[in-house]
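Let's take a walk through this protein together, one stop at a time.

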Amino acid sequence: MSGRNPVTWLGSPTFPDAAHDALADTQLRRNLRKATTTIRTKRAGAVGELDDWERLRRAGEAVKDDVLANLDTYLLRLEEAVTARGGVVHWARDAEEANRIVLDLVRAEGADEVVKVKSMATAEIGLNEALAAGRVRATETDLAEVIIQLGHDRPSHILVPAIHRNRAEIKDIFRRGMPEPPASDEPRDLAEAARRYLRRKFLSARVAISGANFAVAETGSVVVVESEGNGRMCLTLPDTLITVMGIEKVLPRWQDLEVFLQLLPRSSTAERMNPYTSVWTGVTPGDGPRKFHLVLLDNGRTATLADSVGRQALRCIRCSACLNVCPVYERTGGQAYGSVYPGPIGAILAPQLVGDMHDEQAASLPYASSLCGACYEVCPVRINIPEVLTHLRSKAVEAKGKRTPEAIAMAAAAWVFADPKRYEAAQKAGSLSRLFARDGRLTRLPWPGSKWTDSRDAPAVPKESFRAWWRRTRG
């Protein structure tokens, strides 16, 4: 991943090309349809239990907007609180600096292996690869991440990284990568094989690395929520704990957790509360790690914060609800996005973190949407994803310059629309497209119209325009 922001995968094709290949994988589409339908249904039931769900959403939005408006103040307050309780805070402006900080901390402990809690931030910066280059092996401990790591695969979902794999495929991956393979592809046997594989890692590791769901500026507390208990093992057994956290994850007050610990589990796993909610505050003698380091990661977030429209992507609490309702994601899967952050939230977050709309792959992501708005309706912090998508599309067009076919076509359209006579002449000329109509629809146009009709139809243009009809019937 060297020479490029690891938010997007090196060598990934643009979304249209990747999606074309993904759509041809019928097994992938079956796996995705079954999984997302199940999660969607369960989430709707969990959310429907609360009469004040919309009030919670608005409360979450308000807290996050307060954080973004006063981020510098809350981060300094967090640093002060963590330091006062025996932790050490490090600031990382980008992926390279964050990776260097973590590798130096691991080396200082004389460790050549670490255990990890599932973390989007560490995936974003390519930490595992950086550690491997420094001769340190990172072992993922979340079950889905174990599947991805042993299968030499890429994640496809924020919450369920291995959503694109079925049980038979997982059994084969475990059989190849574990010293004690599972007895069958039954979930119980798969989980037991992973438990045996990971238990040795937990008991021998001296250093653990985690992400963070939230950090409370008021108390210096860091919060991780998870469903398997692997996080609790990582956060309590090793001597040294290193947490890598995006700067937008800070919350002002302890009481703010009340809002997000209701929003997050119902939106992500469709549970009333997470099975494991771990909170640690600095270092406590005789309880948990003896050393705690918090790495605060920027990596494009400050630049995103400067965009008055795009900044709302930083409200995201990584629940993945938007992925599970997105018709595009359900058919292509997460790997087609070529980004650590897939789905609708990835389509607006990844390009901003990359920060370069001249990057062809990143610039293609805002177009990975039908703009149906389902993502906005389910987002627990009310991120208006369609608004940000159209905003980023305009930036992508601007980055291409004024000599692209698209820009020339829009300039020509502006010239036509600026004069009533030109506009009416264009309407009459457009009626000639009826020559290509079949059963009232335009299914095949000559180039450049074929760029449209290759993938969609359009209604045939009426014989008479509205202007002509009005003039004929109303004088």
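Where does His152 lie? You'll find His152 in the loop between α8 (143–150) and α9 (167–177). Keep in mind that this is a predicted model, here and at every later stop. His152 has a relative accessible area of 75%, so it counts as exposed. Its backbone is worth a look too: His152 has a positive phi of about 50 degrees, although it is not a glycine. Most residues other than glycine have a negative phi.

Arg382 is another residue with this backbone feature, showing a positive phi of about 60 degrees without being a glycine. Look for Arg382 in the loop between α18 (374–378) and α19 (385–400). Is Arg382 buried or exposed? With a relative accessibility of 14%, Arg382 counts as buried, whereas His152 is exposed.

Now for the charged pairs. Side chains of opposite charge can pair when their charged atoms come close. The structure holds 28 salt bridges, and we'll stop at a few. Start with Glu140 and Lys116, whose closest N and O atoms are 2.9 Å apart. This pair links distant parts of the chain: Glu140 sits in strand β3 (residues 137–140) and Lys116 in strand β2 (residues 113–116), 24 residues apart. Both Glu140 and Lys116 are buried.

Next up is the salt bridge between Arg196 and Glu180, at 3.3 Å from N to O. Arg196 belongs to helix α10 while Glu180 is in the loop between α9 and α10, so the bridge ties together parts that are 16 residues apart in sequence. Arg196 is partly exposed at 27% relative accessibility, and Glu180 is partly exposed at 33%.

Lys395 is partly exposed at 33% relative accessibility, but Asp307 is buried at 12%.

Arg33 is in helix α2, and Arg33 is partly exposed, with a relative accessible area of 40%.

There is a nonpolar surface patch as well, about 350 Å² in area, made by Leu432, Leu435 and Phe436. Phe436 is in the loop between α21 (420–430) and β11 (437–438). Its relative accessibility is 41%, so Phe436 counts as partly exposed.

Finally, step back to the stretches named in the records. An unreviewed UniProt entry places the feature "domain: LUD" at residues 77–283. That span is 43% helix and 20% strand, and its end C-alpha atoms lie 18 Å apart. The UniProt annotation "domain: Lactate utilization protein B C-terminal", also from an unreviewed entry, covers residues 403–472. In this second span, 50% is helix and 9% is strand, with the end C-alpha atoms 41 Å apart.

Conventions: Residues are numbered from 1 along each chain as its sequence is written. This is a predicted model: local features need pLDDT of at least 70, side-chain atom pairs count only at pLDDT 80 or more; totals for chains, interfaces and linings use all residues. Side-chain values use heavy atoms; hydrogens and water are left out. Helices (H or I, at least four residues) and strands (E, at least two) are DSSP runs, numbered from the N terminus. Buried means under 20% relative accessible area, exposed over 50%, partly exposed in between (1.4 Å probe, protein chains only). UniProt positions are given in the numbering used here, feature names are shortened, and annotations may be inferred rather than shown by experiment. Patches are made of residues with over 30% relative accessible area and no salt bridge: like charges are joined within 9 Å, nonpolar side chains (Val, Leu, Ile, Met, Phe, Trp, Tyr) within 5 Å. Accessible areas come from the Shrake-Rupley method with a 1.4 Å probe; for residues, only the protein chains shown count as cover. A salt bridge is a side-chain nitrogen of Lys or Arg within 4 Å of a carboxyl oxygen of Asp or Glu.
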